[in-house]
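Good morning, and thank you for coming. I should like to take you through one model today, beginning with a few terms and then moving from its sheets to its cores.

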Amino acid sequence: MKVSIPQPLRSYTGEDTDVEADGATVEELLADLDRRYPGIRFRMVDEQDSIRKHMKIFVNRVPVRTLDTALEPSDHVQILQALSGG
Amino acid sequence: MADPQSPESPEPAGESHPLDPRRHHPLELGAAEGPVLFVGTRKGSWALSADRERKNWKLTGPVFLGHIVNHVVVDPRDRHTILMAVRTGHLGPTIFRSTDLGKSWSEASRPPAFEKAAPGEEGRVVEFTSWLSPGHASEPGVWYAGTSPQALFRSEDHGASWESVSGFNDHPMWRTWTGDGTDDTPDGPMTHSVLIDPRDSNHIYLGMSGGGFFESVDKGADWKPLNKGSVADFAPDPNPEFGQDPHRVALHPMDPDLLYQQNHCGIYRMHRPDGIWDRIGDNMPPDVGDVGFSIVLHPRDPQTVWVFPMDGTDVWPRTSPGGKPAVYRTRDGGQSWERQDRGLPASQAWYTVKRQAMTGDSRDPLGIYFGTTSGEIWASTDEGESWARIAEHLPHVYSLEIAELGG
């Protein structure tokens with residue numbers, strides 16, 4: 001399925017904005033992303049398997065907060081960061 | 001991009017981390033006939049390389065522009081491996097590694113992280129790595145990392161993967177020693193000053209700000225507080241067994257039983273066999289005081305020490321006292337101190353020098369360097385007698401480390 005990557009994580013994807021990854025749950029999807037782009041998962045998800053507080057994951061434009069959320073192959077996953085800087 | 005391998009060090013190849021040329025510039029250190037300063041800032045990392053006379057300094061970088069770089073350290077055992085403790089405001093913390101002196105970088109395959117908690121138990125999360133220490137000379141490839149919240153991690157593969165030092169992180173007293181997150185400082189509690197006794201790789205110290213100074217004699221399997229004599233004037237008991245706020249501790253390389261400490265509550269010295277901190281900051285001028293963050297030792301003279309006092313009249317200023325920055329030097333082990341400010345701004349300079357933002361080289365005469373929260377780097381190549389600004393307009397400086405690359 002299509003996964004949209006935010007700018008701070010594109011150094012892992014070779015600057016690609018949208019990538020492909022597979023999984024029946026968000027957890028499986030992130031594991032697949034980490035296989036394809038090693039290190040990317042830990043920047044989004046901490047060692048207790050919580051999505052880091054400034055990261056947001058949307059499935060078909062609906063926010064999810066737990067990794068056990070089910071996915072369909074046709075889903076569009078968007079990973080976003082909180083807007084801040086400076 | 002392949003992770004470059006050195007023929008001298010059989011390091012594991014980490015995952016390469018492509019550098020976007022818009023935000024990352026390979027460090028260009030050239031022949032580096034003089035010392036090289038590695039600068040960690042709130043917005044990335046730079047390096048300053050000197051000519052043989054240390055008169056001209058060349059700035060190179062940035063590397064990882066936009067990332068919070070807490071510490072950048074060159075491995076003195078091989079002089080080509082660099083570890084960098086990094087996070088951003090959004091992403092989790094990690095360690096980047098270079099084995100070609102900053103031309104290319106790879107990411108640790110397992111950055112410092114706590115074990116996953118058992119179901120029903122409260123899990124701990126590393127917020128950032130605050131400190132990096134190369135291990136003992138007899139243990140090439142070993143590094144230690146101190147984190148926020150206060151915890152210790154160890155790598156045995158040149159920083160490619162990290163394991164929890166369970167003897168500290170899972171010690172029955174850990175939550176009590178570290179304050180359990182209930183007394184965090186605004187920038188987060190930090191582990192720092194991970195010191196390895198050059199005579200014994202099993203003998204390790206660490207500092208916690210706050211929490212106190214601790215010692216292990218069994219390579220981290222067990223730990224004991226080592227704070228007798230150091231004050232915690234902010235606590236209900238001003239002389240507790242632990243809970244002090246050491247800002248930086250240094251061990252003298254010629255006399256490893258001699259420790260110096262810049263604490264939230266003064267400047268101290270300890271002869272380890274005695275086990276008692278002696279407040280040598282009481283000999284500082286009263287109108288300046290002995291609050292500060294950093295401390296630098298003369299590697300060839302155990303009695304010579306530099307500090308950079310901060311305004312300690314209240315909790316919050318922590319800027320140069322009176323807006324008049326100065327380094328103070330003792331040459332008699334803290335019995336007396338002399339002000340060294342020639343070349344520094346005479347007034348209206350309100351910067352702060354953080355705990356890891358002051359260092360010294362090993363040349364003769366010794367060079368002393370500090371970085372400021374206003375993005376300036378200052379250097380003295382005459383042991384503090386005079387100062388010159390060698391860089392400005394950088395972001396808020398968190399750390400300065402110096403290396404001799406032997407070019």
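Let me begin with a definition: two strands pair if DSSP finds at least two bridges between them. Helices (H or I, at least four residues) and strands (E, at least two) are DSSP runs, numbered from the N terminus. What you see is a predicted model, in which local features need pLDDT of at least 70, side-chain atom pairs count only at pLDDT 80 or more, and totals for chains, interfaces and linings use all residues. Residues are numbered from 1 along each chain as its sequence is written, while chains are lettered from A and ligands numbered from 1 in the order in which they are written.

First, confidence. The model scores ipTM 0.90 and pTM 0.94. Where pLDDT is low, the predicted coordinates should not be read in detail.

I turn to the sheets of chain B. One is an open sheet of 4 strands in the order 13-14-15-16, with antiparallel pairing. Its edge strands are strand 13 (190-196) and strand 16 (224-225), each pairing on one side only. Strand 13 is joined to strand 14 (residues 204-209) by 5 bridges, and the two run antiparallel. Within that pair, B:His192 stands opposite B:Gly207 of strand 14.

B:Leu259 has B:Met270 of strand 19 as its bridge partner.

Is B:Ile95 buried or exposed? A residue is buried if 20 or more other C-beta atoms lie within 10 Å of its own, exposed if 12 or fewer, and partly exposed in between. B:Ile95 has 27 C-beta neighbours inside 10 Å, and therefore counts as buried. B:Ile95 lies in strand 7 (residues 94-98) of chain B. Among the residues that B:Ile95 touches are B:Leu83, B:Met84 and B:Gly159.

A nonpolar core is a set of buried Ala, Val, Leu, Ile, Met, Phe, Trp, Tyr and Cys residues joined through C-beta atoms within 7 Å. The largest has 95 residues, of which B:Leu37, B:Val39, B:Met84 and B:Tyr369 touch the most other members. B:Leu37 is in contact with residues including B:Tyr369, B:Ile377 and B:Leu400. A second, separate core of 17 residues includes A:Leu30, A:Tyr37, A:Phe42 and A:Leu71.

Chain A has 2 helices and 5 strands, arranged from the N terminus as β-β-α-α-β-β-β. Buried residues account for 24% of the 86 residues in chain A. The contact between the chains takes 18 residues from chain A and 19 residues from chain B.

Definitions and conventions
Two residues are in contact if their C-beta atoms, placed from the backbone, lie within 7 Å. Lists of a residue's contacts leave out its neighbours within four places in sequence.
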